[in-house]
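Hi,

Here is the structure I said I would pass on.

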Amino acid sequence: LGGHSMLAVELVSRMSDVLELEFEIQAVFDWPTIAGMAQLVARGGGSNTDKTLAAIDLEKEARLDSTIYPANNFEPTATDPKAIFLTGATGFLGSFLLHELLQQTPAVIYCLVRADSDASAFDKLKHTLQKYGIYREAFRHRIIPVCGDLSRPLLGLPTERFTKLAGEIDVIYHNGALVNFFQPYDALKDANVLGTQEVLRLACAQKTVPVHYVSTLSVFSEELPLDHPGFAEDDPLDVGAKLSNGYGQSKWVAERLVNICAERGLPVSIYRPATVTGHSRTGAWNSDDYLCRLIRGCIDLGEVPERRVGFNIVPVDYASKAIVALSRKADVSGKAFHLSNTTLLDSLDIVSWVNELGHSVQFKSYSKWRENMLSKVSQIPDHPLYSLLSTFTPDIDEAEDAFDERTRYHCEQTVAALASCKIQCPVPDRSLFKVYLTHLQSNKLL
């Protein structure tokens, strides 16, 4: 009946309590019926995740509609566009992309928003910008809401509206996606894969419109052999990539569609961000972000697992400024960029900074931390860790050091391209986290 991640977590928690069996969150999405769940109960819980992953043939899924072919009337106006089409503007990174496009270009910005009317669509955009402190009334007349749906044919627009829009826009920034690390590929395909296909259709419908596609570093294999040099910006997508979640799979297929359209002649550029965190000066952060929830939740518990983990983070202001600045260069067509941090964030440093900045967080063994966390969090749906419960499985090896200091994602070409723009990625240090914790504290999120 339309279950989402938070409801799935609650369902799994209650099933585990009542039936005294261990269930994975993935089980709800793999067996989304009463009969299916009953089969899981009969076999003692768990999930069928392996079946789901094995069934996805990424290369077979990456089939771009043969009618999507760029017109031959491309005019190089992308570096100084008059009209821009943006998807995902009500999301965290998307709202900052909208802000940067309004600042760095004189263009009007058509924003695809799922809403019942233009007025409610604009209200959504305005609310998101205000939430992060970046709304400017002076820009109001340049924001044009487009009521549609990324997961529907023609982006949910009437044919005449779609055709008219295709003739008006000069460049597309495709940032919209359904970001969910629990749902399987099939549940994300319509928005992330077919939605990308419709964006490419728009780019080719009336004239050749350049596309700047926001992908993710998650398109690369999660397994990095000891002799692997790490993934460079111009590395091709690996057909045999080990991708453990539907989101990574859907973004892999979507990026492949973008590449196929590029092979047909469409000017495209690809941007792969790492984990996007709060603004480096204001601290404005998506409070539902995994890392943000993890920090808030552990501070609330006063405990943290004694396990070293590395995070590759980039502040949202760096990511948005970099994407817009790179997209306005004349030679970006056909290139990919890694918005990655050259310094890996150490979870032990986070704990140290949290304590230095006035909070009290103690280390516990993972098993003890998990036991204490479950006893407190499993009955409190609004706790920051509640929606993450399924990620804290009991089978984690406590002796394993999860901090891999190798360079997994190379970004030398991106850094060089940004040098002339004087845009640098902030180092994830104590001063950055002081900004983040101050913001969370002042907004009563701690």
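Strand S5 (residues 211–214) is covered on both faces: Val211 and Tyr213 are buried on one side, His212 and Val214 on the other. By buried I mean under 20% relative accessible area, with a 1.4 Å probe and protein chains only. Strands are DSSP runs of E with at least two residues, helices are runs of H or I with at least four, and both are numbered from the N terminus.

Before you go further: this is a predicted model, where local features need pLDDT of at least 70, side-chain atom pairs count only at pLDDT 80 or more, and totals for chains, interfaces and linings use all residues. Residues are numbered from 1 along each chain as its sequence is written, and side-chain values use heavy atoms, leaving out hydrogens and water.

S5 has two parallel partners to look at. Strand S4 (residues 171–174) is joined to S5 by three bridges (DSSP must find at least two for strands to pair), and tyrosine 173 sits opposite histidine 212. From S4 the chain goes through H9 to S5, a right-handed β-α-β crossover (clockwise from the first strand over the helix to the second, with the strands pointing away from the viewer).

S5 also pairs with strand S6 (residues 268–273), over four bridges, and there tyrosine 213 faces isoleucine 270. Helix H10 (residues 246–263) carries the chain from S5 to S6, in another β-α-β crossover that is right-handed.

Then there's helix H8 (residues 159–168), with Phe162, Leu165 and Ala166 buried. Down the axis of H8 these fall within an arc of 105 degrees, so they line one face of the helix (the arc uses directions from the helix axis to the C-beta atoms).

Cheers

Conventions. Buried < 20%, exposed > 50% of the residue type's maximum accessible area, 1.4 Å probe, protein only.
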